[in-house]
Every structure is written in C-alpha cells, then in structure tokens.
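Dear colleague,

Please find the structure below. My notes on what was found in it follow directly after.

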Amino acid sequence: MLDLSLFLIIAGVFLVATLYLGWLGYRRTVSNEQFMVGGRKMNPIILSLSYGATFLSTSAIIGFGGVSAQLGMGTIWLMALNILLGLIVAFLVFGKRTRKIGKELGALSFPDFLGRRFNSPFIQIFSAGIIIVGMPIYAAAVLLGGVNFIDASLDINRDIALLLLSVIVAIYVAYGGIVAVMYNDALQGAILFFGMILLLVFTYSTLGGVTAANQALTDMAVDPGVGALAADGMTGWTSFPSFGSPLWYTFVTTFILGVGIGALAQPQLAVRYMTADSSRSLNKAMMVGGLFILVVVGSAYTVGPLTNVYFFNEFGKTSMQYAENTDMVIPMFVNLVFENVFLGDIFVALFLLALLCAALSTLSSLLHTMGSSAGYDVWRYLHARRIGVDDPMTVLRGKDGGLPKAMRASRICTMLMMILVVVITYYMPLSIIAKATAVFMGFTAAALLPAYTHAIFSRVPNARAAKFSIVIGSLAWSLWAFFIHTSTSVNIGLCRALFGKDSLASLPWTKIDPLVIGLPISVLVLLTFLLVDHVRQKGQPSTA
Amino acid sequence: MFGIDDPWIWSGYVFAILLTVFTIVYGWMKHNEEED
C-alpha cells in the first residue's frame, strides 16, 4: 500500500495547480460563449491535449487495459481506429466543418449546433436529452476507474475518495467553464503522457525485454491456457479471437467498432472543434493528438495483456484469476510491480496522479457537457416558453448565445449532474468500465452520427429526415440493447422482468452490439426521408 | 515479430504507427493552411 503522506504531498502540489487553472478559467469566463466554447480562440496545443485527455480516460487505461488483460492484444485495433476515426477523420472531415458552421451559426454546444443547423428546437432538446440520460453512465464508469485505483493504492475510505474527486471536479467545472476544463485537461494530459511511457518501459524491463515478454505471453496460450474463454473463441493473448466466434463478435462489434465509430459523435469532443480559432489550429492540434493517442492507449493495451505474464510468474495465476475484475487488473498490477523497486513509492504516486488526471480530465469534460446540455439547451428552452417567447429559436439566437441566466443554470445543472453520477457509481457492477463506455459511445453514434454528418455536409439540411433518423436510431439501439444483446440486457433487466430470459434471440445475435443494428437503421431512415422529400420537391410545380 | 506471431496483432501496431506518422506530417505541412 502506498504511503499516504507521500501521495498527499504530490497530490497537494497538483491540486494547487488545478485550482489555479480553475481560477484562471473563472476570471476569463464572463459570457456564455466563454463558458461554453472558450471564446473560440483556444491554443492548438491546449486543444490537442484537451481533446486527447478527454477522449482517453481511466476508461481507456483501467477499463480497456483490463479488457486487454482478459482478452488479449486484439484491442490494438481499437487504438488504430482511435487514431484513424477518433482523430484523423474527426479533425479533418468533421472538425473543420463543425468549427466553421458552428461559428457562422453562433452555436455553443453540440445540441445547440444541431438545433440551429436544422432550425429545430426538437432536435436540440432531444439530443440534449440523449446526453443527459446516457452520459451519466459513461461518467460514472470514468469516476469508478479513478476510485478503483485509489482503493487499490491508498489506505483511505472508498466513499471519501469518491466524494473528494467529485467535489474537486464539480467546483472547477461549474465556475471555470470550458476554459478551466481545457487548461486542466492539458496539464493532466501531459502528466498522463509521461506516466504511461514510464509504465510501458518499466513493464517490459521487469519482464525481460520486449521480445522475451511478448514471447512469454504468446506461450501462455498453451500453459496455463486460455481456460474457459477458449470455448468462446479465445486463441491467446497475442492473437485475435477466432473469426465468427462469440468473443470475436464482442471484441469487434462492441469494443472496436462501438468505441471506434462512437468517437465521431461524441458531444464533449465535438464542442472542442468549436473552441479552435481556425482550421490551422485543428491541423496543429492533430500533430500532437496522434502521438498522444499512440502513447497513452498503446501503452495501456500493451501493458494490459502483459500483466498476465507478471501475475503468472509471481502467483501462478492469470490476471483475471488474480484480480477477479477487469477494472482492478491495472491498479493491482501497478501497485505490485513497483513494490520492491527503488523509489517505487514515488512511481506509484506519480502513476496514481496520472490516472487521477485521466479520470478528472474526462469527467470534467463530461460534466461540462451534461451541465451545459441541461442548463443551456434544455432549461433555456423551457425558460423561453415560460416567459412567453412564441418562437424558442429567437431565444436560441440571442446576442451572446442566450439569456444571461443560462450560465448560472449551467452551473447549477453541473452540480446536480455530478450528484447523479456519484449515485450511479454506487450501482455499477464489476468489470463494467469498458462496457459502459462502449454503451454510451455506441448509443450516441446510432442516434446522432447520421444526422450530424448530414448537418455538416448538406447545403440544405433536412430537419424532418434528421428528426426521424435520430428518434428511430435511438429506438432501434435501445430495443436491441434491452432485449437482444445480453451484455447490456442482463444489466438493464427489463427483458428478464418481462419475458423471464436475458435475450429474445440466440447466438450470434446476442453478441452483436446494438450499434451494428442501430447505426445502419438510422442511416437508412435518413436516406429514405431525404429521397422521399427530394422526389416530392421535384414533383411540385416551380414557383419561379 | 518481437514475440508476436499473429499478423493481425503486429499489423495493428504497424498501422497505428503509420497513422501517427501521417498525423504529424500532415499537421506539419498544413500548419499554415489558408482558411476555406
């Protein structure tokens, strides 16, 4: 167990820096535009580190690192997809147009962007609703990752750790807005970057070097063997699961595609494009972002499987046999591997800090997105109705983005959403972090990605097509998740309550992620309505 | 390659590294790009 006083000294320095950046953000936040998109002039280095640190969190390191420990290095394809879709396509294809159109429209949040682009309060409110309902689950998973690490490393009460983390994040997000969030993200991202390099280098050196460690992991497929997972298609920790096996479907459709594609429609990431002052800034940010993802995620997905070699050498068990929970593999490994090393306590304390940074950076961004969705997008609309503004869009087009009370509403909602997240954290089952991440990312992709793509590429966006695509995409995803996909239906419990079983289908359907069903349906609905409306317009007599 | 036999795994690493190189080269080449 790590010496608490040592960690408190290091964490104290970090906390002072965090609160200082929060104060800096508070001083620079006097309007809605500054609270929501940092006045649209964020430094590209800060933008890239903030994007990376928001994208990659304890979920990627603790959650997916743990999944890699259980299922092997196949997750490396998720890293490739993170760079290809989550960075290159996101910045070059989506980011530049989102920034440009968002600035023209004066949009301040992702739902605001969609609402203004389609001239539809319904789309704004519905997409804000998706964030308010779905994002707390993802945020709870991120918070759980941070708490798990504290639990494994320090001799302090788990509830107190949870409370401390939540209060720190809630305060600097609520008062400092996006400026404080992004400044802190950059600091936390830099610490995380060097922390992960340290972990990767130390892991390989402990296990005898790159080739020796990888070979030992490859050999473990035979002795002790992949165990019960062999029946599901697992072939080893340095090989991909058998094509078409249940594990292959889970691996590819949930973890790789769910998070890989899901990254494109993440509201907390999309709003970062709108903080850039130019396309040039996005290009510069991409330069740093690629290396950041490669190092942080690559280290986590490589160290995860290698923990099996360590646990087998030390205890004669695989990682999962030792930790019994994917979410505890990395925290336990880090504490053990540095235990008898010179200055090991300092390494653990620094790595704990890096992990806390990963949790705080993503959590703060999610909290900012949830708070602004509830306060800015939903409350402002309801307020407009209450004060008798007939056309809510006139409120949406306020001079600095809306009513002056909107920022205060966003702050209050931020606090309320944090409380909700803490409550959800207490109800999270074991081995849930990676799954909860994939669930939220898959849901937002199925619901919002086709409409978002249409919004930025069409010269005349079709609100009717977008509305149906969003609603039916959400519905298709939800029905599949509730009644077919066992990984989610088991946790929701509705299928069992109504039908007495966890799924209404059989293999392989029960292993196919709802994203793979919901997204094509959402695309199909969008294209169908676009085609129907196009044919209708052509059939109408010209008024010219 | 480096103790990993399955081409699906090491090709994933190679692909990710190539993509990272692309982001650095592209970002560098376009860091003074004119606005649309």
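I begin with A:N119, which is found in the loop between α6 (110-117) and α7 (121-153) of chain A; helices (H or I, at least four residues) and strands (E, at least two) are DSSP runs, numbered from the N terminus. The phi of A:N119 is positive, near 50°, and the residue is not a glycine. A:N119 is partly exposed, with 13 other C-beta atoms within 10 Å. On this scale a residue is buried if 20 or more other C-beta atoms lie within 10 Å of its own, exposed if 12 or fewer, and partly exposed in between, with C-beta atoms placed from the backbone.

Before going further, please note that this is a predicted model, in which local features need pLDDT of at least 70 and side-chain atom pairs count only at pLDDT 80 or more, while totals for chains, interfaces and linings use all residues. Residues are numbered from 1 along each chain as its sequence is written, and chains are lettered from A and ligands numbered from 1 in the order in which they are written.

Other backbone features of chain A

Most residues other than glycine have a negative phi, and most peptide bonds are trans. A:E324, in the loop between α14 (319-323) and α15 (326-337) of chain A, has a positive phi of about 60° although it is not a glycine. A:E324 is partly exposed, having 13 other C-beta atoms within 10 Å. A cis peptide bond, with omega about 5°, joins A:L507 and A:P508. A:P508 belongs to the loop between α22 (494-499) and α23 (514-539) of chain A.

Domains and core

Chain A is divided into domain 1 (4-442) and domain 2 (462-544), with bounds that come from an automatic or database domain assignment. The C-alpha centres of these two domains lie 27 Å apart. In the contact between them, 21 residues of domain 1 meet 17 residues of domain 2; two residues are in contact if their C-beta atoms, placed from the backbone, lie within 7 Å. On the domain 1 side, the elements that give two or more residues are α7, α11 (246-262) and α19 (433-457) of chain A. The largest share of that side, nine residues, comes from α11(A).

The largest nonpolar core has 194 residues, of which A:A139, A:L143 and A:L367 touch the most other members. Such a core is a set of buried Ala, Val, Leu, Ile, Met, Phe, Trp, Tyr and Cys residues joined through C-beta atoms within 7 Å. Helix α16 (residues 344-386) of chain A provides the largest share of this core, 21 residues. At least three residues of the core come from each of domain 1 and domain 2 of chain A. Not counting residues up to four places away in sequence, A:L367 touches A:A139, A:V169, A:A170, A:V173, A:T414, A:M417 and A:M418.

Chain B and its contact with chain A

Chain B contains one helix and zero strands, and buried residues make up 25% of its 36 residues. The contact between the chains takes 31 residues from chain A and 26 residues from chain B. On the chain A side, α5 (76-105), α9 (210-219) and α13 (279-315) are the elements that give two or more residues, and α13(A) gives the largest share, eleven residues.

Yours sincerely
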